[in-house]
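Notebook open, two chains to look through.

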Amino acid sequence: MKKQLSLLLSLASAALLLTGCATTLPQPLHSAAGFQPESMDAVYILPVVDARADKKLSLNLGGLQRNMASSLQQKRYKVVVLEDTNLVAGITDEDLKEPTPDWVKGIGPSESRWVMALAVGELSRKITFGSTGNAEVNLFIFDKQTGTLVWEDKGLGRAGQGGLLGMMMVSMMDEAAIENAMNQVMVKFPKKPKGT
Amino acid sequence: MCFSTVLALVVLIAGCTINSNITQTGGGTGDASAATPSVVPASTRVWVLTPKVVYEDTRTEVTLDSSDHGGPALVAALAEQAVSILDSKGLHEVACPRESSLSAEQKVLAEQASASANHLVRVNPDPQAIHYILGLASTNESVAVLAQYVRVKVGPHGTWDPNSGAITSGASSSYFRAVLLDAQTGRRLWENSVLLREVAKPNNSNFKTVVTLLFSTLNLQN
């Protein structure tokens with residue numbers, strides 16, 4: 001009887017341990033029914049859309065695009081980086097958030113199916129007794145075959161350090177915030193299984 | 001000690017240039033402004049549509065109940081301020097459609113246009129929204145319609161961790177956009193936008209500054 005109880009307890013503990021170890025990705029803001037990012041073959045990455053209302057701070061859009069591409073490659077996605085900024089000329093935050101099928105079908109090169117767009121909605125830094133930075137980024141994936149937005153997520157990055165040291169670091173705060181925001185979004189992106 | 005004080009002062013002075021919570025983000029222009037400055041004839045009758053104010057969670061973008069954040073008061077204050085500022089600029093035929101002599105049908109169109117303010121302020125306005133504006137035109141006078149849209153993002157407050165010294169700033173903002181459209185043609189006569197990095201409250205001193213800045217680029221032609 002004692003042996004059975006001990007076996008049962010061991011099994012229950014093992015089950016609990018396994019459940020605890022299993023990682024579930026946090027949910028994105030939007031994921032179309034049936035869409036699995038892992039099923040994408042080549043992902044075409046548009047130049048980053050600067051959707052900020054206040055564009056006073058300089059922003060390395062090319063660097064952001066390259067970081068995103070590299071992050072996706074690490075997750076085993078095949079990426080095509082589109083560098084022609086004319087591809088996003090005139091694209092607004094509203095176009096990305098409420099796209100019409102015709103609009104989606106017209107973005108990116110004709111051979112592409114999965115098109116990814118990153119939009120920076122906010123970037124600021126502030127100095128108090130210390131300094132802070134805030135950033136907002138939205139990542140969109142469009143399926144040109146269906147003309148729909150299939151995936152969207154947002155990252156709200158905040159960084160800051162108090163004191164004199166923090167005050168001297170003010171110029172780094174917006175970069176830290178945007179990196180933080182990007183990481184929040186990319187962490188929700190699943191790794192592609194090996195050999196797919 | 002002396003070095004630290006000087007350094008702090010230098011950083012503080014530098015900081016003053018980036019600390020403003022209010023930023024004018026629009027150029028204050030209209031369609032024809034590339035060639036000519038945006039001026040509106042002083043004799044124009046202006047219908048001030050009920051402003052549209054939308055609250056959303058900064059993190060999740062979920063729409064929030066505007067009454068929980070003082071939305072109705074902000075809408076009323078914005079409309080009132082707009083009428084007052086336009087009047088002070090010399091546009092004396094300014095009114096809200098609800099309190100006007102417009103026909104019942106036109107009042108409905110004005111309400112539909114108000115509800116579409118987010119589409120009217122866009123670079124490429126929705127044709128349906130413009131259709132509502134065209135319905136407010138008059139045959140015997142020049143009529144313009146003022147649409148205002150405010151997107152308020154309600155985000156987390158600033159934080160301070162006494163152990164690590166890490167601090168963060170609040171992530172709320174209010175983006176004010178206004179556009180003046182010609183009711184005969186739907187043409188954009190003037191537009192401007194202002195970003196306030198906090199939740200807009202009509203009783204806050206920043207509110208009046210924002211609205212004044214928003215209309216500061218509107219020029220009249222006598």
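**Helix pair in chain B.** Helix 3 of chain B passes helix 5 of chain B in a left-handed crossing, meaning that the near helix is turned anticlockwise from the far one by less than a right angle. On the helix 3 side of chain B I noted L109(B), Q112(B) and A113(B), and on the helix 5 side A129(B), Y132(B) and I133(B). Contact means C-beta atoms, placed from the backbone, within 7 Å. By class these residues are five nonpolar, one polar and no charged. Nonpolar covers Ala, Val, Leu, Ile, Met, Phe, Trp, Tyr, Cys and Pro; charged covers Asp, Glu, Lys and Arg; the others, Gly among them, are polar.

**Ground rules.** I'm working from a predicted model, where local features need pLDDT of at least 70, side-chain atom pairs count only at pLDDT 80 or more, and totals for chains, interfaces and linings use all residues. Residues are numbered from 1 along each chain as its sequence is written, while chains are lettered from A and ligands numbered from 1 in the order in which they are written. Helices (H or I, at least four residues) and strands (E, at least two) are DSSP runs, numbered from the N terminus.

**Two sides of helix 5, chain B.** Which residues of helix 5 of chain B are buried? I found A129(B), Y132(B) and I133(B). Buried takes 20 or more other C-beta atoms within 10 Å of a residue's own, exposed 12 or fewer, and partly exposed is in between. The three cover an arc of only 100° around the axis, so they sit on the same side of helix 5 of chain B; the arc is that of the directions from the helix axis to the C-beta atoms. On the face turned away from the buried side I see the exposed P127(B) and Q128(B). The cover over the buried residues includes helix 3, helix 4 (117–120), strand 7 (143–154) and strand 10 (173–182) of chain B.

**Strand 3, chain B.** Strand 3 (residues 45–48) of chain B pairs in the parallel sense with strand 6 (residues 93–95) of chain B over three bridges; pairing takes at least two DSSP bridges. W47(B) has A95(B) as its bridge partner there. Strand 3 of chain B also runs parallel to strand 7 of chain B, joined by four bridges, with V46(B) bridged to A144(B).

**Over to chain A.** I count six helices and seven strands, and buried residues make up 37% of the 196 residues in chain A. I then picked E152(A), in strand 7 (residues 148–162) of chain A. Why do I call E152(A) buried? Because 20 other C-beta atoms lie within 10 Å. Leaving out residues up to four places away in sequence, E152(A) touches P28(A), L29(A), H30(A), N138(A), L139(A) and F140(A).

**Where the chains meet.** 24 residues of chain A are in contact with 27 residues of chain B. Strand 7 of chain A gives the largest share of the chain A side, six residues. By class, that side has eight nonpolar, ten polar and six charged residues.

Terms used. Contact = placed C-beta atoms within 7 Å.
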